[in-house]
Amino acid sequence: MTAALYLGVGARRGTTADEILALAGRTLAEAGDGAGTVAALATVEAKADEPAVLAAAERLGVPLRVYSPDELAAQATPHPSRTVLSAAGTPSVAEAAALLGAGPGGVLLVGKRKSARATCAVAVAAPRTVSPKAPMHEPDLRHHGDAEVRGAGAELTDLAVNVRSGTPPQWLRERIADSLTGLASYPDGRAARRAVAARHGLPEERVLLTAGAAEAFVLLARALGVRRAVVVHPQFTEPEAALRDAGHAVERVVLDAADGFRLDPRAVPGDADLVVVGNPTNPTSVLHPAALLARLARPGRTLVVDEAFMDAVPGERESLAARTDLPGLVVLRSLTKTWGLAGLRIGYVLAAPDTVAALERAQPLWPVSSPALVAAEACCLPAAVAESGRAACGVAADRAYLEARLTEFPTVTVCGPAAGPFLLLRLPGASAVRNRLRSLGFAVRRGDTFPGLGPEYLRIAVRDRETSDRFAEALALALAKG
C-alpha cells in the first residue's frame, strides 16, 4: 500500500502559503514519485494559527499536527540549528516535526530544505501493511475473550466477553424454550428472514441468516473470488483468520493510536477487491462515520462492514444496514451480543441478492437451528428493537461512568472516543496488571492478540455502575502492587 509521508514545516513571519507549498513540492520531489502520499503537515505549536501554514495544509488536503517546543527538542534530528533553537525553543522544527508526525519507527526521507522564509523536511511512517508471506510479529488470531473465563466458574467477574450482562431477558428465554417442542422438524428460516428484512426495511432476498457473524466470515472467504483482500486493523480477528484458512493472502491496514484509530479511506489500496472493517470496531470501540465508510465502496469491490455491535449504539447512528445504493456492500449483524445469545449462534448478512445467493450456496443445509431462528424473529420485532434501543442508551451511560472512574488513574489511558459496549485501555505492564486483576476476581481481555496492538493494551466490557466501582477498586490494588 502507499506509504504515509509527513511534511515537517518551519516558517518565519511573513511566509506565504505559496512559498511553503513550492518548497514542499521540491522536497517531496527529492523523496521520489513513488515514495508515498502526504498524510499530514506538522509544525511547532506556535505556528498553529499562522495563516500561511493553515492555508498550506488546507490546499494539500491534509490535517495539521502541532507539537510543543519541548516535544520537538526531545526528537533527535541530523541538522540541529542554534539559530532555530533561540527562535523557536527547539534546534529543528521541520525535521523534528516530520519525524514526530511519522510516529515510532518513522524515517527521515529528506532532511531540512530551505527557502527564504521556510524550512521543510519529509519523513515516512513505518510500514503498516503486513504481508502474510513476510510476517512481522504474528498475534494469535484465534484467541477470543471467552478464553479468559473458560473453566473459571463464578469466582470471576467477566469483563473479557462483550455479551451484555443480565441476558437473555425472560421473555426471550420463554420464546426459545417454547421452540423446543418443534425440534423434530427441520428448521424453517422463512419467518425469521422476513422479520430481519422488515427490521431494516429491505427485501427478503437481501437477507441471509447465519450461525453467528463468525459463520458469515467463513462464507465470504470461501464463496467469493478474491484477488486482493485487505482487513482494517485493529479489529475482530476472525475475518482475517477465515480468509487465511481459505487460502487467501491478507494485507493489513493498521490504524494508528495517535489518530484515535480513525480510518482514512486513502490508506486502503485502490485495487483491493475485498475490504473488511468493523463499525463500531472491536476492540477500539471507534465508530466510523457512515459517509466515510461509504467512500470505500466501488464497483468490483466487496466492502464488508461488521456491525456486530451497532445495536449497542444509541439510534444505530452511522449504520449502513439499510443502504442499497452502495456497490458491493455487505453488512454483517449479530444478535449474540445485545441479547446474550452467544451459545445459540445467530446472526445475519445484508447484501445484494446475487451476493446472498452465492453465500447461501456455500452454506450447509439447515445451518441455523430452530431455536436460533425463533430468537432471530423475536429480536427483530418492533418491541424488541425498542428494548434494544433503551439498552443501548443504558450502556452509553454506564460507559461514561466507567470512563470517569478510569480517569482516576494517571497511568491508564482510555482510547476513544468510545461508542461500543467496551473500552480499550493502554497502560504500562498491562499483562501483569491483567494477571493481578484475575487474582482479585476480574477477567479482562488481553489486547496483544489484535494486529496493531501490543502488550500494553487491555479491553474491558462495560457493566453496571456497581461493577465498575468494584473494578476500579481492584484496578487500584493491581496498579499499587506493580
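What follows is a chat about a pocket and a sheet in a predicted model.

Biologist: Hi! What should I know about the model and its numbering before I start?
Modeller: It is predicted, so local features need pLDDT of at least 70 and side-chain atom pairs count only at pLDDT 80 or more, while totals for chains, interfaces and linings use all residues. Residues are numbered from 1 along each chain as its sequence is written, and side-chain values use heavy atoms, with hydrogens and water left out.

Biologist: Which residues lie nearest the centre of the second largest pocket?
Modeller: His 144, Val 161, Phe 236, Lys 337 and Ala 342, out of 30 lining residues. On a 1 Å grid over the protein atoms alone, a pocket is an open set of points where a 1.4 Å probe fits, with protein on both sides within 12 Å along at least five of seven lines; lining residues have an atom within 4 Å of a point.

Biologist: Which helix gives the most to that lining?
Modeller: α8, with three residues; helices here are DSSP runs of H or I with at least four residues, and strands are E runs of at least two, numbered from the N terminus.

Biologist: New topic: what order do the strands take in the open sheet of four?
Modeller: β14-β15-β18-β17, with antiparallel pairing. Two strands pair if DSSP finds at least two bridges between them.

Biologist: Why is one side of β14 and of β17 left without a neighbour?
Modeller: Both stand at the edges, each with a single partner strand, so one side of each has no neighbour in the sheet.

Biologist: And how many bridges join β15 and β18?
Modeller: Five, in the antiparallel sense. Leu 424 has Arg 459 in β18 as its bridge partner.
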